[in-house]
Amino acid sequence: MDHKHHENMSMDMTTRPMDHSKHVVEHGMKMYFHASTKAVILFEKWNIDSWQGMLGSCAVIFIIAALYEGLKVFREMLLRRSSVSVRYNTMPVPSQGNGANETCTMLSETHKTVGMKMISLPHFIQSLLHILQVVVSYFLMLIFMTYNIWLCLAVGLGAGAGYFLFSWKRSIVVDVNEHCH
């Protein structure tokens with residue numbers, strides 16, 4: 001910021017207060033929803049200034065958000081593959097029948113438990129994928145926090161499309177590993 005204009009000011013700031021409003025508008029980030037086609041996304045080099053750039057960036061962000069949902073389902077699928085089935089609490093339950101023709105059905109509960117060791121390839125892969133999931137979730141959050149309507153729509157619609165494409169394979173709907181949604 002150029003402060004040369006300060007040299008000619010008197011030391012008494014009460015007589016002539018400095019107006020910083022232009023600096024905020026020129027250098028500040030918009031803290032309200034807007035529909036501009038100009039934005040800097042995550043990195044200084046990802047700087048867009050046209051509707052074509054915005055459209056392309058929205059397509060990339062849409063795909064990233066959809067793949068993020070796929071990553072969550074993939075991690076769950078890997079966890080299920082590395083789990084061990086445990087069967088317990090088996091008991092006979094009488095079925096409805098005609099006296100002598102009565103049959104018994106065996107009822108048993110089956111639960112899955114995680115069978116990973118701390119030092120194992122599945123746990124190492126889960127840890128790396130967790131790091132990737134956290135980083136991508138924060139990137140999507142930061143993109144949303146640009147308050148650019150087009151970028152926000154790309155994140156939201158991409159997440160919705162990813163959920164539609166991947167979540168029907170989920171066995172658990174509630175995700176305790178969710179960080180930013």
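How many aromatic pairs does the structure hold? Let's work through this predicted model together, starting with that count.

**Exercise 1. Find the aromatic pairs and classify their geometry.**

Step 1. The structure holds two aromatic pairs.

Step 2. Take Phe 33 and Tyr 147: their ring centres are 5.3 Å apart and their planes stand at 80°. Planes over 60 degrees apart count as edge-to-face, so this pair is edge-to-face.

Step 3. Now place the two residues. Phe 33 sits in the loop between helix 1 (21-27) and strand 1 (39-40), while Tyr 147 belongs to the loop between helix 3 (121-144) and helix 4 (149-166). The pair therefore ties together parts that are 114 residues apart in sequence.

Step 4. Phe 43 lies in the loop between strand 1 and strand 2 (47-48) and Phe 139 in helix 3, so parts 96 residues apart in sequence are tied together.

**Exercise 2. Decide whether the residues below are buried, partly exposed or exposed.**

Step 1. Recall the cut-offs: buried is under 20% relative accessible area and exposed is over 50%, with partly exposed in between.

Step 2. Tyr 147, at 22%, is partly exposed. Phe 43 has 46% relative accessibility and is partly exposed, and Phe 139, at 34%, is partly exposed.

Step 3. Turn to His 34, in the loop between helix 1 and strand 1. Its relative accessibility is 11%, so His 34 counts as buried.

Step 4. Look at what surrounds His 34. Leaving aside neighbours within four places in sequence, its contacts are Thr 146, Tyr 147, Asn 148 and Ile 149.

**Exercise 3. Describe the largest nonpolar core.**

Step 1. This core has 14 residues, and those touching the most other members are Ala 39, Ile 41, Met 54, Ile 61, Leu 140, Ile 143 and Leu 151.

Step 2. Helix 2 (51-81), helix 3 and helix 4 each supply at least two residues of the core. Helix 2 gives the most, with five residues.

Step 3. Zoom in on Ala 39. Not counting residues up to four places away in sequence, Ala 39 touches Trp 46, Asn 47, Ile 48, Met 54, Asn 148 and Leu 151.

**Exercise 4. Compare the record with the model.**

Step 1. An unreviewed UniProt entry places "transmembrane region" at residues 51-71, 121-141 and 147-166.

Step 2. In the model, residues 51-71 are 100% helix and 0% strand, with end C-alpha atoms 30 Å apart.

Step 3. Residues 147-166 are 90% helix and 0% strand, and their end C-alpha atoms lie 27 Å apart.

Terms used
Residues are numbered from 1 along each chain as its sequence is written. This is a predicted model: local features need pLDDT of at least 70, side-chain atom pairs count only at pLDDT 80 or more; totals for chains, interfaces and linings use all residues. Side-chain values use heavy atoms; hydrogens and water are left out. Rings of Phe, Tyr and Trp (its six-membered ring) pair if their centres lie within 6.5 Å; planes under 30 degrees apart count as stacked, over 60 as edge-to-face and the rest as tilted. Helices (H or I, at least four residues) and strands (E, at least two) are DSSP runs, numbered from the N terminus. Buried means under 20% relative accessible area, exposed over 50%, partly exposed in between (1.4 Å probe, protein chains only). Contact means heavy atoms within 4.5 Å. A nonpolar core is a set of buried Ala, Val, Leu, Ile, Met, Phe, Trp, Tyr and Cys residues joined through side-chain atoms within 4.5 Å. UniProt positions are given in the numbering used here, feature names are shortened, and annotations may be inferred rather than shown by experiment.
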